[in-house]
Amino acid sequence: MQLEIINKPQQYSAVLLLTSDIQSIKEQKIVPTSFYAYIEKYISEGKNTCLLLPSEEQLCVVALVLEEKKDGAALVESYRRLASKAFGLLTKEKVADLAIVGDVEAHYLCSFIEGFYLSSYRFEKYKSTSTKEVIARVGVQEGLYESLVPIVHVCEANFVARTLVNEPVCYLTAPQLSQEIQVLSQTHGFTVDILEKQQIEDLKMGGLLAVNKGSEVPPTFNILEWKAEDAKNSQPVVLVGKGVVYDTGGYDLKTGGHMSHMKMDMGGAAAVVGTVCALAKNEVPIHVIGLIPATDNRIGPNGLVSDDVINMYDGTTVEVKNTDAEGRLILADALAYAKKYTPALVIDLATLTGAAMRVTSHYGTAMMGNASKETKAELMSAGENVHERLIEFPFWEEFEDEIKSDVADIKNLGNPAGGASTAGKFLEHFTDYPWIHLDIAGPAFVEKPYHYLTTGGTGVGVRLLYDFLSKGNF
Ligand code: BES
Ligand code: ZN
Ligand code: ZN
């Protein structure tokens, strides 16, 4: 979808008016007078709605914002959702080009257009015929266009993440993920260093190598960097993303349908890639490093088994008690590697546990960690702003006791209850800096469309981290 500055709204095959009162509808002179009574009936109902008003010259849509009880972030989100409704109606009508005008405050109009843009994502690479239903051109008022450009860049970066998640492992292997990152680094202006298997072996990243043992495809370790010339932070923020390009569970094989959708298990990696793309594209004045350990988790003649003891990058020994708890093994090496940057803050994102998903569903993300209360509050408020909400999970030291091992320093499995928190405690072992862990197992993927999210990968994390990092309060 291409955004452009409107010359005349009449030049588009459809025009959308975002408004909340009949007076301004009359003033705009876009809607034929014969519809006024019809619109007033809906206004009296007091609910946000979209009305299709076909006239001879062009299709007219009135998006009515009437939920006055909402305020703050909830109101902003209602604009995005109203936009997704409008998008649905207009694509059904096969509208190819559209002008969007409105009389609401500019930042609400921006959120509306953001919701509209986010709704336009399609993943059709493997379809023999394209549905061709997507609106190609959207005209906006000149004064608004400038402020929409960076927002569109963030939406595009969210799409990058959605696509990486949607790609199946038959295409998106670990080396292919690195290849994609390389291409994106050139188009968006950040740098990347890709470590191949030999270098990973030389570094003794035992967690990443252990998970990769059952695979025929080598692992990669990806180091992304965006350092603006005028970067405000002297110590970088490090983002770590779980890059399990497919999780079969390994010898603790996923059964009962649980393997389905496990191409999403690199949702954390996708979020890191998307965030770095957005920061670089908008030239946000900060210094950020992205670390992505990538591999599939499969069965093979030499595959990892339960009871194996492995040596991690930082020298910790780990007793493997479940090969399906693989995410924490690869993340541990990346978290230990992050120490070399003496980071101001490290945030990891991972589709780490079914336990987190059972609590949050796809409505939010589980948060844990040892960063300051203020930093966590700042990240949570970014979550409210972009409607990628966070909920803090318990992080009591008792969970740490559960991962003590009889034969090694620690083991990769706790008790059946509180699984998201023991996974978090496992990760904490490898940190020595302010750190926040985001378990995105719930919100990384939706099985059917949800407002402006399309079926499949959601790109969760990109808009969240962009909002948080671009404000610079870390
Ligand atoms: N990738 C899964 C977690 C997951 C589950 C992500 C559902 C998205 C949706 C992870 O590697 C896993 O298998 N975790 C196990 C851990 C357990 C063996 C301790 C789980 O949650 O069951
Ligand atoms: Zn697993
Ligand atoms: Zn996994």
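Author: A residue is called buried when its relative accessible area is under 20%, exposed when that area is over 50%, and partly exposed in between, using a 1.4 Å probe and protein chains only. This is a predicted model, in which local features need pLDDT of at least 70 and side-chain atom pairs count only at pLDDT 80 or more, whereas totals for chains, interfaces and linings use all residues. Residues are numbered from 1 along each chain as its sequence is written, chains are lettered from A and ligands numbered from 1 in the order in which they are written, and side-chain values use heavy atoms, with hydrogens and water left out.

With that definition, N412 counts as buried because its relative accessibility is 0%. N412 belongs to the loop that runs between β17 (410–411) and α14 (419–428); here helices (H or I, at least four residues) and strands (E, at least two) are DSSP runs, numbered from the N terminus. If residues up to four places away in sequence are not counted, N412 touches V318, E319, V320, K321, N322, A325, R328, L329 and F426, where contact means heavy atoms within 4.5 Å. A polar atom of the N412 side chain lies 2.8 Å from the backbone oxygen of N322.

The metal site comes next. Donors are N, O and S atoms within 2.8 Å of the metal (3.2 Å for Na, K and Ca), and sites may look incomplete because water is not among the atoms. The zinc ion (ligand 2) is coordinated at 2.0 to 2.2 Å by D247 (OD), D324 (O), D324 (OD) and E326 (OE). Its site has 6 donor atoms with angles of 73 to 171° and is irregular. Four donors count as tetrahedral if all angles lie between 85 and 135 degrees; four count as square planar and six as octahedral if opposite donors are over 155 degrees apart and all others between 65 and 115; anything else is irregular. Along the chain, the donors of the zinc ion (ligand 2) follow the spacing D-x76-D-x1-E. Distant parts of the chain are linked in this way: D247 is in strand β10 (residues 243–247) and D324 in the loop between β13 (317–319) and α10 (327–337), 77 residues apart. D247 counts as buried because its relative accessibility is 3%, whereas D324, at 23%, counts as partly exposed.

The zinc ion (ligand 3) is coordinated at 2.0 to 2.5 Å by K242 (NZ), D247 (OD), D265 (OD) and E326 (OE). The site of the zinc ion (ligand 3) is octahedral, with angles of 77 to 174° among its 6 donor atoms. Here the spacing of the donors is K-x4-D-x17-D-x60-E. Again distant parts of the chain are linked, with D265 in the loop between β10 and α9 (267–281) and E326 in the loop between β13 and α10, 61 residues apart. D265 is buried, with a relative accessible area of 2%, and E326 counts as buried at 1% relative accessibility. The zinc ion (ligand 2) and the zinc ion (ligand 3) are 3.2 Å apart, and D247 coordinates both.

Methods
A polar contact is a pair of N or O atoms within 3.5 Å; within protein, one must be able to donate a hydrogen and the other to accept it, and residues adjacent in sequence count only if both atoms are side-chain atoms.
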